[in-house]
Amino acid sequence: GFSELDVEKQVYALENAVLSGVDGIITAPNEVTPEFQKAVMEAEEAGIPVVFVDSNAKGLACTCYVGADNFEAGKRAGEKLAAACEGKAEIAVITSFSSSTNQRDRVEGFQEALKEYPDMKIVEVLEGESNTVLLNEKISRLLDEQPEITAFFCAEGYGSKSMCLLREKNEERYRNLKIVTFDSTDTTTRAVKQGIVEATIVQNPHAMGIRAMD
């Protein structure tokens, strides 16, 4: 594992695993670069099964994918937010990296849902780089600079946590914001119970790990 998302380090780890002659590889594709594709193909050619979890790499052969349908997850988030906003909103979307395959799929699904609601418009996409401090600064600055924003879709866990805590600590100032988050954590669960967010899209990472090992 890595403290930061880094496709070069991921490729290096995959290449080392193949050279080490491991019996199998489980990984979550972050960004499907030519180098990543080459490393996966080398594993398959060496007879090493590769299982993707959490995010899938479309068009790249692997043994199997275990995880959510991220496009459908994003679509459901869009439907939930549209219902909460009664079909009209200026929306900011939060990702860690827009190039991340699972978040890109979620945003595409979210956009698909909004096609039914012409008055639901995405006006900003924030990349938080999985950095909570950076996210807090970007979100606060965005809300100061674009007060017309009335809704947020957080397509990953870091942004979801930051948005929940910001809303919780500034109840009076941001009371009218409509928010849909991602993942089930103590923070998002509490926010749903308190009515701070409209909904959170829940996966089952524990089951993903078990199925991937199976």
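By class, five nonpolar, three polar and two charged residues make up the lining of the second largest pocket, where Ala, Val, Leu, Ile, Met, Phe, Trp, Tyr, Cys and Pro count as nonpolar, Asp, Glu, Lys and Arg as charged, and the others, Gly among them, as polar. Among the lining residues are Leu143, Asp144, Arg173, Tyr174 and Leu177; a pocket is here an open set of points on a 1 Å grid over the protein atoms alone, where a 1.4 Å probe fits, with protein on both sides within 12 Å along at least five of seven lines, and lining residues have an atom within 4 Å of a point.

The model is predicted, so that local features need pLDDT of at least 70 and side-chain atom pairs pLDDT 80 or more, whereas totals for chains, interfaces and linings use all residues. Residues are numbered from 1 along each chain as its sequence is written, and side-chain values use heavy atoms, leaving out hydrogens and water.

Leu143 and Leu177 also belong to the largest nonpolar core, which has 19 residues and in which they, together with Ile94, Ile139, Phe152, Met163 and Ile179, have the most contacts; such a core is a set of buried Ala, Val, Leu, Ile, Met, Phe, Trp, Tyr and Cys residues joined through side-chain atoms within 4.5 Å. Ile94 is buried, with a relative accessible area of 0%, buried meaning under 20% (1.4 Å probe, protein chains only). Contacts of Ile139, defined by heavy atoms within 4.5 Å, include Ile94, Phe152 and Met163, with neighbours within four places in sequence left aside.

Note on methods:
Buried means under 20% relative accessible area, exposed over 50%, partly exposed in between (1.4 Å probe, protein chains only).
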